[in-house]
Amino acid sequence: MKSSDAPSNEGRNFFQDVHEVVRLIPPGRVSTYGAIAHYLGARHGARMVGYALIAAAPALGLEKVPAQRVVNRNGLLTGRHHFSTPTAMQEALEAEGVRVENDQVVEFKRLFWDPAQELE
């Protein structure tokens, strides 16, 4: 990806930037709250990334944000409780070809998408 794909700073806020980065994660890949926060210059902002994803709920009328592609640093589906059903996050990932066992992404390291690497 080119750096031109990265979010711009003009008239943006952190939540919008998170949504934009998450939309860039390819289907079948996953990133982490911390990697996204670090990319956006908020090294200790992983929790804020989670809040931004909660705020991206489809009911708010926003362009779809594939929040299922964001997991914790160990590949665990810690955000699953914020989906419509307890298994919706896993089902969405599996529909993209990501295997999940015991609420954890199988082959997490291979599927990890780091915006700092991919968007530079």
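1. Helices (H or I, at least four residues) and strands (E, at least two) are DSSP runs, numbered from the N terminus. The model is a predicted one, in which local features need pLDDT of at least 70, side-chain atom pairs count only at pLDDT 80 or more, and totals for chains, interfaces and linings use all residues. Residues are numbered from 1 along each chain as its sequence is written, and side-chain values use heavy atoms, with hydrogens and water left out.

2. Here is the overall layout. The protein has six helices and four strands. Read from the N terminus, the order of elements is α-β-α-α-β-α-β-β-α-α. Of the 120 residues in the protein, 39% are buried (buried means under 20% relative accessible area, exposed over 50%, partly exposed in between, with a 1.4 Å probe and protein chains only).

3. Ala-56 and Ala-67 are 11 residues apart in sequence, and their C-alpha atoms are 8.2 Å apart in space.

4. Next comes the largest pocket, which holds about 580 Å³ of space. On a 1 Å grid over the protein atoms alone, a pocket is an open set of points where a 1.4 Å probe fits, with protein on both sides within 12 Å along at least five of seven lines; a cavity is a set where the probe fits but cannot get out, and lining residues have an atom within 4 Å of a point. Grid points are joined across faces, edges and corners, and a volume is the space filled by probe spheres set on the points.

5. Which residues are the closest to the centre of the largest pocket? They are Leu-53, Ile-54, Ala-67, His-82 and Phe-83, out of the 24 residues that line this pocket. The largest share, six residues, comes from α3. By type, the lining divides into 15 nonpolar, six polar and three charged residues (Ala, Val, Leu, Ile, Met, Phe, Trp, Tyr, Cys and Pro count as nonpolar, Asp, Glu, Lys and Arg as charged, and the others, Gly among them, as polar).

6. On the surface, Met-48, Tyr-51 and Ile-54 form a nonpolar patch, with about 270 Å² of accessible area together. Patches are made of residues with over 30% relative accessible area and no salt bridge, where like charges are joined within 9 Å and nonpolar side chains (Val, Leu, Ile, Met, Phe, Trp, Tyr) within 5 Å. Accessible areas come from the Shrake-Rupley method with a 1.4 Å probe, and for residues only the protein chains shown count as cover. Tyr-51 belongs to helix α3 and is partly exposed, because its relative accessibility is 42%.

7. Now to the charged pairs: the whole structure contains six salt bridges (a side-chain nitrogen of Lys or Arg within 4 Å of a carboxyl oxygen of Asp or Glu). One of them joins Arg-29 and Glu-118, at 3.9 Å from N to O. This pair links distant parts of the chain, 89 residues apart: Arg-29 is in the loop between α1 (14-24) and β1 (31-32), and Glu-118 is in helix α6 (residues 115-118). Arg-29 is partly exposed at 23% relative accessible area, and Glu-118 is partly exposed at 28%.

8. Another salt bridge joins Arg-69 to Glu-96, with the closest N and O atoms 2.7 Å apart. Arg-69 lies in the loop between α3 and β2 and Glu-96 in the loop between α4 and β3 (100-101), so the pair ties together parts that are 27 residues apart in sequence. Arg-69 counts as buried, at 10% relative accessibility.

9. Arg-110, in helix α5 (residues 108-111), is exposed because its relative accessible area is 56%. Arg-110 forms a salt bridge with Glu-107, the closest N and O atoms being 2.8 Å apart. Glu-107 is partly exposed, at 44% relative accessibility. Arg-110 and Val-30 are 80 residues apart in sequence, yet 9.5 Å apart in space, C-alpha to C-alpha.

10. Finally, the backbone between β3 and β4 deserves a look. Most residues other than glycine have a negative phi. Asn-102, in the loop between β3 and β4 (104-105), has a positive phi of about 55 degrees although it is not a glycine. Asp-103 is in the loop between β3 and β4, and its phi is near 60 degrees. Asn-102 is exposed at 75% relative accessibility, whereas Asp-103 is partly exposed at 27%.
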